[in-house]
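User: I would like to learn how to read the features of a protein model. Please take me through one.

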Amino acid sequence: METKTKLGLVFFPAFDWAIAPDHPEREERLLYTRDQIREEGLLDLPEIAEFRPQIATRQEIERAQICVPSVEKVCTESHLIAAGGTITAGDLVVSGQTERAFALLRPPGHHALRIVHGSRGFCTINIEAVMVEYLRQRRNGRLRVAIVDTDAHHADGTQDIYYNDPDVLHISIHQDGRTLYPGTGAVNELGGPGAYGLTLNVPLPPGSGDAELLYAVEHLVLPVLRDFQPDLIINAAGQDNHFTDPITNMNVTAQGYARLTELLAPDLVVLEGGYSIEGALPYVNVGIILALAGLDYSGVREPELPPAAKKAGRVHDAVVKNVAFLQEVWAKRKETDLAAVFGRDDYFRRKRHLYYDTDDIHEVQVEEIKLCALCSGYRKIHSYAEDRHRKQAQIAAVLLPWHACGACQQQAAEAFEQLCAEPEWDDVYFQNPADLKQPLVSRARRGKR
Ligand SMILES: [Zn+2]
Ligand SMILES: [Zn+2]
């Protein structure tokens with residue numbers, strides 16, 4: 001009898017791409033994992049098959065993000081293959097070729113924001129968002145997605161992209177931002193006026209282990225997912241919560257990650273961070289792969305376990321408190337008085353300072369979201385960036401959401417025309433993810449550069 005392949009693996013170690021040769025985000029992250037997968041004979045199992053990544057097109061990137069000045073200027077081929085690999089993984093699952101897929105690739109993506117002036121937290125292209133937008137476009141926007149990000153760092157980029165999107169639930173579980181890059185991801189960051197309560201952040205105190213991570217999954221993530229009823233569950237699976245990770249302060253084990261995967265039962269898993277190249281990644285990845293394929297993972301063990309993992313820990317009070325707070329937010333999200341949160345004007349405005357640590361770029365962003373009763377509202381963004389050589393970029397963008405109402409479509413088009421007539425912008429962009437051929441239109445203005 002023929003059994004359907006349970007799990008598709010899409011592998012891309014990006015041999016020729018590195019921030020610096022001794023940087024923690026380097027190709028060995030995946031090479032040791034690959035060796036371990038071979039050693040364990042996982043690719044010989046009928047449940048598991050490997051697939052080659054494709055290269056993402058400019059349009060596929062531009063459906064999710066706005067690269068300044070252009071995709072070609074900020075992306076290497078490795079970025080396009082990492083993004084394309086998530087598309088390959090997404091296709092495997094929605095076409096029914098495999099039940100699930102795991103994209104093991106780099107460079108990672110979850111710190112990459114909607115507007116891209118460069119690289120932040122080792123990320124340039126948001127590989128989960130590229131996949132989600134590709135799949136949504138295939139389904140004419142009729143797709144509800146849940147992204148559960150379990151990297152130790154807050155998924156600030158993915159949160160930014162889906163902050164006001166009612167069809168994408170974004171949950172990030174991470175080491176408390178007061179103690180780790182990028183500093184954001186507090187419990188009171190809950191999404192924009194068009195998607196209030198669909199951004200959920202569970203900060204974990206440094207030192208948290210399997211007990212804390214699994215508590216958040218069992219008591220918050222699973223009930224919320226049952227309620228939201230997504231068509232697809234995506235796990236952005238960073239592995240830097242591991243107790244051996246050199247750049248974080250967490251105590252999660254390979255068994256903890258495998259159990260998390262079993263509980264979450266994601267359709268798609270995308271590798272994010274994880275910098276313990278020999279001590280963690282090979283074991284965590286094997287645990288995740290076995291759990292995804294429905295195989296026994298109880299034998300997966302790191303060479304050494306942390307002393308804390310030997311005694312069954314009580315869940316940290318801060319986690320219990322945060323989960324209780326978010327359970328209440330979720331339960332009451334539809335009764336929330338949005339005017340009290342976002343004001344009674346026609347627009348909600350926010351101003352943010354964003355920092356690109358990898359490329360040393362400072363950005364100030366001013367955003368306006370139309371408060372619309374018929375759709376999630378079009379958006380206008382002004383972005384002012386300056387790099388370490390004091391080179392400046394000043395751009396404006398108008399964003400249409402999926403399922404924009406007629407009035408928002410018209411007002412967005414007018415706003416774009418008006419911005420194009422203003423001389424101060426280096427570039428003006430119009431993003432419409434529902435446009436099949438040209439999701440992003442750019443009008444280069446008279447150059448200051
Ligand atoms: Zn991370
Ligand atoms: Zn509208």
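User: How many residues of domain 1 are in contact with residues of domain 2?

Analyst: Some conventions come before the case. This is a predicted model, in which local features need pLDDT of at least 70, side-chain atom pairs count only at pLDDT 80 or more, and totals for chains, interfaces and linings use all residues. Residues are numbered from 1 along each chain as its sequence is written, and chains are lettered from A and ligands numbered from 1 in the order in which they are written.
Two residues are in contact if their C-beta atoms, placed from the backbone, lie within 7 Å. Here 28 residues of domain 1 are in contact with 30 residues of domain 2.

User: What are the bounds of domain 1 and domain 2?

Analyst: Domain bounds come from an automatic or database domain assignment. Domain 1 covers 7-304 + 315-332, and domain 2 covers 349-444. Their C-alpha centres lie 26 Å apart.

User: Which elements give two or more residues to the side of domain 1 that touches domain 2?

Analyst: Helices (H or I, at least four residues) and strands (E, at least two) are DSSP runs, numbered from the N terminus. The elements in question are α2 (58-62) and α5 (127-138). The largest share of that side, three residues, comes from α5.

User: In what order do the six strands of the open sheet run?

Analyst: Two strands pair if DSSP finds at least two bridges between them. The order is β11-β12-β13-β14-β15-β16, with mixed pairing. β11 (347-356) and β16 (440-444) are the edge strands, each pairing on one side only. Axes are lines fitted to C-alpha atoms, for helices over the stretch in contact, and angles run from 0 to 180 degrees between N-to-C directions. From one strand to the next, the twist averages 15°. Helix α13 (residues 406-421) packs on the sheet, touching β12, β13, β14 (392-399), β15 (427-431) and β16, and its direction makes about 155° with that of β14.

User: In which sense does β14 pair with β13, and in which with β15?

Analyst: β13 and β14 are antiparallel, over eight bridges, while β14 and β15 are parallel, over five bridges. Ala-396 in β14 is the bridge partner of His-382 and stands opposite Val-428 in β15. The hairpin of β13 and β14 has five residues between the strands, and there Arg-390 takes a positive phi near 65°. Six of the eight residues of β14 are buried.

Terms used. Buried ≥ 20, exposed ≤ 12 C-beta atoms within 10 Å, placed from the backbone.
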